[in-house]
Every structure is written in structure tokens, then in C-alpha cells.
Amino acid sequence: MREGGRPFRAHRTLPVTGIDAHRAGVERLLASYRAIPTDATVRLAKKTSNLFRARAQTSAPGLDVSGLSGVISVDEQARTADVAGMCTYEDLVDATLPYGLVPLVVPQLKTITLGGAVTGLGIESTSFRNGLPHESVLEIDVLTGSGDIVTATPEGENSDLFWGFPNSYGTLGYSTRLRIQLEPVKRYVALRHLRFDSLDELQSAMDRIVTERIHDGIPVDYLDGVVFTASESYLTLGHQTDEGGPVSDYTGQNIFYRSIQHSSVNHPKTDKLTIRDYLWRWDTDWFWCSRAFGAQNPTIRRLWPKNLLRSSFYWKLIALDHKYDIGDRLEKRKGNPPRERVVQDVEVPIDRTADFVRWFLDEIPIEPLWLCPLRLREPAPAGASSQRPWPLYPLEPKRTYVNIGFWSSVPIVPGRPEGAANRLIEDKVSDFDGHKSLYSDSYYSREDFERLYYGGDRYTELKKRYDPKSRLLDLFSKAVQRR
């Protein structure tokens with residue numbers, strides 16, 4: 001434990017960039033668009049990505065987004081921020097936290113960008129009360145496939161793009177600026193780790209807490225969970241507080257997810273973190289994926305530079321593995337078969353969570369699993385459909401889902417089709433009336449994919465209007481065919 005410091009102070013000096021710098025960045029972006037041959041697919045010129053699916057190589061130049069990585073402005077009174085599309089959540093939080101404000105949903109990894117979370121997947125322990133990142137967007141500037149930058153709002157000329165942008169993964173355009181809502185936070189987060197020996201009891205408790213937002217008389221501001229086995233699972237409840245005192249540090253030798261296991265059914269463990277350390281509690285070990293690199297071995301961890309205990313460095317190691325096939329080479333030397341990557345986030349209705357997790361633990365040899373309940377925000381923003389306001393993100397209003405995350409690999413069984421484990425999971429998620437994110441490998445047929453992700457005719461209509469010459473890949477080509 002350590003004594004609490006000044007959690008609202010920015011970890012790094014990060015002044016807002018201002019509108020003039022942003023405009024210059026937009027001009028560079030447009031110039032780079034004009035330099036791309038008309039017969040080439042338009043893509044971002046990014047060295048890094050939080051996507052796990054591979055994509056085809058191209059020799060064509062990409063979009064220059066180097067000037068779109070900052071926070072443009074923060075309005076403390078209105079509790080809003082104007083943010084460039086390629087700004088990471090780490091930079092965004094460092095700019096807003098000195099005001100005692102943060103985005104309504106802060107995804108778990110520092111290098112996730114705001115634009116990426118809005119056009120793809122973003123979720124965290126506030127999602128049971130604040131929904132998903134795109135639901136706190138007030139307006140968005142988008143560079144469309146036609147080369148125009150349009151402003152989309154919930155109502156107005158481009159409202160169809162506003163509602164259709166989430167889950168389009170850059171196939172309708174790229175965000176250059178987003179205005180988002182912020183919420184006030186206190187200096188610390190007090191934690192309670194509740195242990196369960198039964199998945200059904202875990203599900204029941206989670207459902208009740210989502211509805212009541214209180215447990216044992218204490219408000220619940222943050223809620224997520226971890227499943228280690230069918231008989232060992234936990235919910236972590238967070239409560240904002242300004243009460244000082246000792247706080248834990250999971251940015252060095254101590255590992256956050258291992259601390260959760262110190263709870264018992266009758267004696268929940270309590271803990272406290274600064275608000276900043278709470279927001280990034282998963283980043284130090286990329287949840288638990290750092291163990292694949294040996295970073296959780298106590299001897300190796302003591303030698304591992306502290307500034308490299310972060311998800312951005314693990315991404316570099318993953319890139320090396322993909323380039324040189326290191327993992328499979330090591331498995332071959334051990335006499336083991338190559339492995340299939342199973343890196344997914346799925347959402348299932350909360351009343352089916354225990355059944356899905358039981359099935360998964362029986363069929364897929366991966367643990368732990370992350371649980372994060374979510375509901376679309378209520379009331380829905382002005383201009384939203386009363387049915388499914390986000391047509392490409394098919395979650396039902398007034399229904400609680402649980403995001404289940406699992407990030408590892410399984411041995412490839414000879415004779416089975418490519419992606420056998422992932423295909424099995426896709427089928428089971430559909431059986432459970434669930435939904436799968438598209439940041440990693442997908443194996444759907446075109447017919448099934450369009451039924452699940454095109455929102456009827458909505459996606460096709462949006463492509464015709466905002467990318468009439470198909471300068472951008474379509475969603476199936478990008479998510480399934482990995483083009």
C-alpha cells in the first residue's frame with residue numbers, strides 16, 4: 001500500500017492542442033486523401049492498431065492522421081470535450097482529469113483511440129450505467145469515402161451517418177473530431193471483491209446490482225467481474241470517494257487480477273485505488289495476457305522495466321510474433337501442434353450468462369474470463385429510433401447484456417476447418433441471442449454476416465450515400481475476408 005497522492009494531477013504534461021493545430025491536421029489528412037490513387041483502397045497510415053485481425057498488405061499510401069491525435073478543447077462548465085479521432089484514451093484522460101472529469105466510458109487499454117472505440121468496440125465497468133462510448137458522442141466530423149468531411153449529429157442532414165457510424169469499423173469513414181460528454185469523478189475508487197462458488201449466484205447478484213446500483217447499502221459506480229473456474233468467480237464493485245488514506249499500487253510488482261483472488265465468499269476483500277490507477281488497472285498486465293510473455297514471473301518482473309509494463313509494449317511483442325511466427329515455432333520444438341488464436345469479446349443477455357460461461361469452460365480451454373455488464377443508456381438520445389437506435393450495433397434497449405472477454409489461444413486439432421474454435425463460439429453466441437464484436441477474427445458466411453451486422457438495408461444505404469465509389473472496404477471484406 002502507499003499513501004494517496006494527487007490523483008487529479010495529469011500523469012504527463014498534456015496541453016490541449018487547440019483548434020488551429022487541429023485544422024492543420026485536417027488539411028494534412030485531406031492532402032493525403034487526394035494523393036491516394038483513385039483505384040486504390042483508402043486506409044489509415046497507422047503503425048499501430050488495437051485490432052487483432054490481420055489484413056492484406058498494400059503498396060498504396062495511407063491517410064496521414066498524424067495531426068489528429070490530441071484533445072482540441074475541454075469545456076469544464078458544459079462537461080464536454082472536443083477530441084481528435086486518433087487521440088488515445090490515455091491522452092484524453094490526462095487532459096480531462098485535472099478538471100475532475102473523465103469520459104463516461106473509459107476502455108481498459110491506454111492506446112485505444114476515441115475514434116476507434118466509437119466506430120468499433122469500447123466498454124468498461126461504467127457500461128452498466130453509461131452504455132458504450134458512442135452513446136456519449138454529441139457530434140462527430142467524419143472523412144467519408146467520397147473525400148468530404150461532414151458533421152453528423154443525432155438530428156439533421158447527416159443523422160443517418162451519426163446513428164450508423166458505430167460498429168462500421170472505418171468502412172463508412174474516419175472520425176476527425178468528436179464532441180463527447182464528460183462526467184465528474186472523485187479522487188479515489190473504493191473496491192469490494194465478492195467471491196461466488198456458483199455461476200448462477202454470480203449472475204443473479206450481477207443482475208440485481210445492475211438494476212439497483214447499490215450493494216449492502218453502498219452505491220455501485222463501477223461493476224465488472226472475473227471467472228477463473230465454474231466454482232471460483234468474482235464481481236468487483238467500485239464506489240467513488242474523496243476519503244483519503246492508503247491506496248494500492250498495481251503498476252509494478254503487484255498484479256491486479258491476482259489480488260482479486262484474496263477474497264472469500266464470507267469475507268470480501270476491500271481495496272482502494274486513485275481514480276487514475278483504477279481506470280488503468282487492467283493496462284499494466286493487459287488484463288492477464290502479460291503472462292504469455294513471462295511478465296508475471298516474479299524474477300522476470302523484477303527485471304522488466306516498469307515503463308514497459310503496459311499494453312502498448314505487449315502489442316509490439318504480438319507484432320513480432322505475427323511477423324516471425326515465434327509462438328508456433330516454440331510449440332513445434334516442444335512437439336505440440338500450432339495454436340488457433342481465440343481473442344474475442346461477445347455479449348449475451350444477462351439471463352443466459354451462467355449457461356454460456358458453463359458451456360465455454362467445458363468446450364474452450366481458456367481462463368480467466370472477463371465479465372462486464374452493459375445496458376444502452378436511458379433515455380435514448382433525441383433522434384434515436386425507439387427500436388434499435390444503433391442499427392449496426394444490434395443491442396436491444398432496456399435489456400441487460402454481459403460482455404464476456406477471452407483472449408488466448410487453443411491447440412489446432414488436425415482435420416478441423418480453419419478457425420474451428422472461433423466458428424464454434426460464433427454459432428453458440430447466436431444460439432444464445434448474443435452479439436460478437438468485430439475487432440478480431442470472424443468466420444461468418446456473407447449471408448449470416450449481413451443478417452447480423454448490416455441492420456437490414458441500413459448499411460447498404462449508408463455505403464451508397466457516403467462512399468458511392470467504394471473507396472473504403474465494405475464491412476464483410478474488412479471483418480471476415482481480412483482485406
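Is Glu426 buried or exposed? Glu426 is buried, at 3% relative accessible area. Keep in mind that this is a predicted model. I'll go through the salt bridges, starting with that residue.

Glu426 pairs with Lys436, and the side chains meet at 2.8 Å, N to O. Glu426 sits in helix α13, residues 420–431, and Lys436 in strand β18, so the bridge runs between parts of the chain 10 residues apart. Lys436 is buried too, with a relative accessible area of 1%.

Moving on from that pair, shared partners join several salt bridges into one network, made up of Asp82, Glu139, Asp141, Arg177 and Arg179.

Next, Glu124 and Arg281. Their closest N and O atoms are 3.2 Å apart, in a salt bridge. Glu124 is in the loop between α3 (114–119) and α4 (127–130), while Arg281 is in the loop between α8 (275–279) and α9 (298–303), so this bridge ties together parts 157 residues apart in sequence. Glu124 has 3% relative accessibility and counts as buried. Arg281, at 4%, counts as buried as well.

The last pair is Asp441 and Arg341, whose side chains form a salt bridge at 3.0 Å, N to O. Asp441 lies in the loop between β18 (435–436) and α14 (446–453), and Arg341 in strand β15, residues 339–349; the two are 100 residues apart. Here the partners fall into separate classes. Asp441 is buried, at 4% relative accessible area.

As for the total, the structure holds 29 salt bridges.

Note on methods:
Residues are numbered from 1 along each chain as its sequence is written. This is a predicted model: local features need pLDDT of at least 70, side-chain atom pairs count only at pLDDT 80 or more; totals for chains, interfaces and linings use all residues. Side-chain values use heavy atoms; hydrogens and water are left out. A salt bridge is a side-chain nitrogen of Lys or Arg within 4 Å of a carboxyl oxygen of Asp or Glu. Helices (H or I, at least four residues) and strands (E, at least two) are DSSP runs, numbered from the N terminus. Buried means under 20% relative accessible area, exposed over 50%, partly exposed in between (1.4 Å probe, protein chains only).
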